[in-house]
Structures are given as C-alpha cells and as structure tokens.
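Biologist: Hi! Could you walk me through this model?
Modeller: Gladly, let's bring it up.

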Amino acid sequence: MADPLHKDSEHAEDIRMTTTTKIWSYAIGMLALCIPLSPITRSGAILPLAVVTGAAAGTAFVWRSDQKAQNALPASKLQQIEERLANLETIAASGQLELRSQFKQLESNNQNVSE
C-alpha cells in the first residue's frame, strides 16, 4: 500500500517543479524579447537583470512556501483536534437543551402563579 505522506510530498514536488518551469519559461521568453531590444530602448542590462531577479525571487518564494506547508499539523493530530471539537459541540448542545427545559419550566411556573 502506498504511503499517503510520501504521495503528498511527490505531489508537492511536482507542483513546485511545474511552477518553477513555468516561471523560467516566461523569463526566457522575456529575455529573448528584451535583450535584442536593449540597445534600441537604451535600457542596457537593467531590463534583463530585472527579469532574472524576478524569476529568481518567484522561484525562491515557490520553494520556501512549500516548506512552510510541510510544517503543518500531522493528520493524527488534526483528527484528535476534530474529535475534541465535536465533543465540545455535543456538550454545548446538551447544555442548551437543559437551559431551554429550565426556561420552559420557569414559564409554566409563572403562568401557574399568575392564574
């Protein structure tokens, strides 16, 4: 049986690789346009440098954001929290029912006294 954690890490790596490939594909396309145009626009190396810097920053962001996602709660801990939340909801609901029954009893007592 396949390990789900391993499968998720493979999927995450696939997403990172796909995104990185797209970033650098667009960057190469922009470089192919801006390098021949640099002498005409007199921008020199500024435009190509901006393209490479943007692609590098985008790549770093993609790979670092995935590392933060890996630090998330494990599935067992998340399941424990969900179970505790369900228990608290049950307790709160039973408390509300008890209060409603007490209010109804008080109302009936008040009606009996006023009659």
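This is a predicted model: local features need pLDDT of at least 70, side-chain atom pairs count only at pLDDT 80 or more; totals for chains, interfaces and linings use all residues.

**Surface, helices and core**

Biologist: How much accessible surface does the chain have?
Modeller: About 9,800 Å², with carbon and sulfur atoms holding 63% of that. Such areas come from the Shrake-Rupley method with a 1.4 Å probe, and for residues only the protein chains shown count as cover.

Biologist: What's the mean pLDDT of the chain?
Modeller: It is 78, and 75% of the residues reach 70 or more. Among the elements, H2 has the highest mean at 83, while H1 has the lowest at 77.

Biologist: OK, new topic: how many helices and strands are there?
Modeller: Three helices and zero strands, giving the pattern α-α-α along the sequence. Helices (H or I, at least four residues) and strands (E, at least two) are DSSP runs, numbered from the N terminus.

Biologist: What share of the residues is buried?
Modeller: Of the 115 residues, 11% are buried, meaning under 20% relative accessible area; exposed is over 50%, and partly exposed lies in between (1.4 Å probe, protein chains only).

Biologist: So which residues make up the largest nonpolar core?
Modeller: Five of them: Ala27, Leu31, Cys34, Val51 and Ala55. Helices H1 (4-41) and H2 (46-70) each give two or more residues to this core, and H1 gives the most, with three. A nonpolar core is a set of buried Ala, Val, Leu, Ile, Met, Phe, Trp, Tyr and Cys residues joined through side-chain atoms within 4.5 Å.

Biologist: What does Ala55 touch?
Modeller: Leaving out residues up to four places away in sequence, Ala55 touches Ile23, Trp24 and Ala27. Contact means heavy atoms within 4.5 Å.

Biologist: And why does Phe103 count as exposed?
Modeller: Because its relative accessibility is 52%. Phe103 sits in helix H3 (residues 75-114).

Biologist: Last one: how far apart are the C-alpha atoms of Ile15 and Trp63?
Modeller: They are 9.9 Å apart, although 48 residues separate the two along the chain. Ile15 belongs to helix H1 and, at 43% relative accessibility, counts as partly exposed.

Notes:
Residues are numbered from 1 along each chain as its sequence is written. Side-chain values use heavy atoms; hydrogens and water are left out. pLDDT is the predictor's confidence in each residue, from 0 to 100.
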